[in-house]
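My notes follow the order in which I looked things up.

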Amino acid sequence: MDDPTTPSTTNQSALRSSSGLNLPSTMSKTPLSLEPVTPSTHIERMISVGYQPSPSRTIYSDRFIPSRTGSNFALFDISPLANSPAEGREDGSGAYATLLRTALFGPDAGVCSPGTPDKLMRLDGKNSSVYPSSRNIFRYKTETRQSMHSLSPFGFEDALPGVSHGPVKAARKVPRSPYKVLDAPALQDDFYLNLVDWSAHNVLAVGLGNCVYLWNACSSKVTKLCDLGMDVSVCSVGWAQRGTHLAVGTSNGKLQIWDASRCKRVRTMEGHRLRIGALAWSSSMLSSGSRDKTILQRDIRAQDDFVNKLAGHKSEVCGLKWSYDNRELASGGNDNRLFVWNQHSTQPVLKYCEHTAAVKAIAWSPHLHGLLASGGGTADRCIRFWNTTTNSHLSCMDTGSQVCNLVWSKNVNELVSTHGYSQNQIIVWRYPTMSKLATLTGHTYRVLYLAISPDGQTIVTGAGDETLRFWNVFPSPKSQNTDSEIGASSLGRTQIR
């Protein structure tokens, strides 16, 4: 049904054709005028036709103009327009932006800042005549090629407490040649013996044939401690943890205790039937391992030759080491077994059978309680790590050659291994990654003997080539560049007897 107030269709068509405009059907038939229309006239006409805009109606357009009132123009030194409502408002992030800009682009970053293609704005807000293409914000600058620690927006003087901004230290360099070489005639080429040890008083004991010699590392003085005679040879030497007493294991199964300060034998202890190739001290307790497959626990304060006999190995005992807390004794044998004993046990409390060759190399970590390292012989070639607290096998590293000795650094979490067949090398490892810090060569025979200086910086190695070689491999407790006090100035090759 048509609305009676609506004009007829004929009249509307005539109106549209006469005016040439496509008008809405709701508009009045008032004749059009070409006179200029002022805003007030337009409003009056809108009112006259009864048009009322809805307050809830949203007006849309085909353009989106974002609001830039919240933009941080100060970050790249672009000042807002003069009529911007943000003009004159203090930017709280300006100080940080200045520090960040200086750290990233250098101290002269404020000479020219990025702007529009028409003009640039300087830090003082004035127009600059320099075009953007001539001052690229990402231009190459030699002064920006700096280490990452210098990119911090905070100066070193204002560094946060507990946060280090120093440069990354370069990898420590280990000298590849020994600083001293001693001739050691008659040093035996026998994998199962332990003929070199370094005392807490900086004296090196070496078993040569049937004699024991002492070399004072401070004075380079050589002293002959004992001569066992033609029929008896030295199979092992071991210094007490404190004091000047030296234990000497012999080929006839007897154990001698010597006071090195007086060059006097204070005691001879029996109990083994065959040679004694391994010794280990724990305070006043001395453990000895023999080819007769047994380990004897001896208290040098007691009258008896031994207080306990430990049986478990099925072949010669060639490795012995007490833990740093003197609670656990690790033993290795030619039966490819690694055992752990406690202070009172006569049977091993832990048994490890993963090695496939003789276990002579044994070392307890001074940094982590219960961490034990062991090395296997020619058919094994592996260094294995154990956690004796949890009775677990931690890791294994195939070294490629017979592992003869292991010793852990007291100053850093590193260890050194000496090797025999077939490379005769010395390797410094970083634990736990087991990355090689250095591989040292020079011995022409198996590196069967190893000892570490009391300051923990220097090792001495011995081989069947009848030489002792001294190497600086570990840093000092205070500085990695401190020279060892054991006579690094006395270079060259001398003779120990």
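I began with strand β21 (residues 371-376), which pairs with β22 in the antiparallel sense over 5 bridges. Strands here are DSSP runs of E with at least two residues, and helices are runs of H or I with at least four residues, both numbered from the N terminus. I count two strands as paired if DSSP finds at least two bridges between them.

This is a predicted model, in which local features need pLDDT of at least 70 and side-chain atom pairs count only at pLDDT 80 or more, while totals for chains, interfaces and linings use all residues. Residues are numbered from 1 along each chain as its sequence is written, and side-chain values use heavy atoms, with hydrogens and water left out.

L371 has N387 as its bridge partner in β22. Next I followed β22 (residues 382-387) to β23 (residues 392-398): the two are antiparallel and share 6 bridges. F385 stands opposite S395 in β23. The two strands form a hairpin with 4 residues between them. In its turn, N391 has a positive phi of about 55°.

What is the strand order of the sheet? I read it as β20-β21-β22-β23, an open sheet of 4 strands with antiparallel pairing. β20 (359-364) and β23 stand at the edges; each has a single partner strand, so one side of each lacks a neighbour in the sheet. Neighbouring strands are turned by 20° against each other on average, direction ignored.

**Sheet β4 to β7**

I then turned to another open sheet, with 4 strands in the order β4-β5-β6-β7 and antiparallel pairing. The edge strands are β4 (196-198) and β7 (222-227); one side of each is without a neighbour in the sheet because each has a single partner strand. The twist averages 20° from one strand to the next.

β6 (residues 211-216) runs antiparallel to β7, and 5 bridges join them. L214 has T223 in β7 as its bridge partner. I looked at the loop between β6 and β7 and found S220 there. Its phi is near 60°, a positive value in a residue other than glycine. S220 is partly exposed at 31% relative accessibility. My cut-offs are under 20% relative accessible area for buried, over 50% for exposed, and partly exposed in between, with a 1.4 Å probe and protein chains only.

The loop between β5 (203-208) and β6 holds N210. Is N210 buried or exposed? At 19% relative accessibility, N210 counts as buried. Leaving aside neighbours within four places in sequence, its contacts (heavy atoms within 4.5 Å) include C226, D227, L228 and G229. M230, V232, S233 and V234 are also among them.

**Cysteines**

How many disulfides are there? The count comes to 0, with a disulfide taken as a pair of cysteine sulfur atoms within 2.5 Å. For C211, the closest cysteine sulfur is in C226 at 7.0 Å, too far for a bond. C211 is buried, at 3% relative accessibility. C353, by contrast, is partly exposed with a relative accessible area of 43%.

I noted two cis peptide bonds. One runs from Y421 to S422, with omega near 10°. S422 sits in the loop between β25 (414-419) and β26 (426-430). Another runs from Y431 to P432, also with omega near 10°. P432 lies in the loop between β26 and β27 (435-440).

K293 has a positive phi near 75° and is not glycine. I placed K293 in the loop between β13 (285-290) and β14 (294-299). K293 is partly exposed, at 41% relative accessibility.

**Whole chain**

The protein has 3 helices and 31 strands. Of its 497 residues, 42% are buried. Among contacts with a separation of 6 or more, 46% come from residues 24 or more positions apart.

Notes: Axes are lines fitted to C-alpha atoms, for helices over the stretch in contact, and angles run from 0 to 180 degrees between N-to-C directions.
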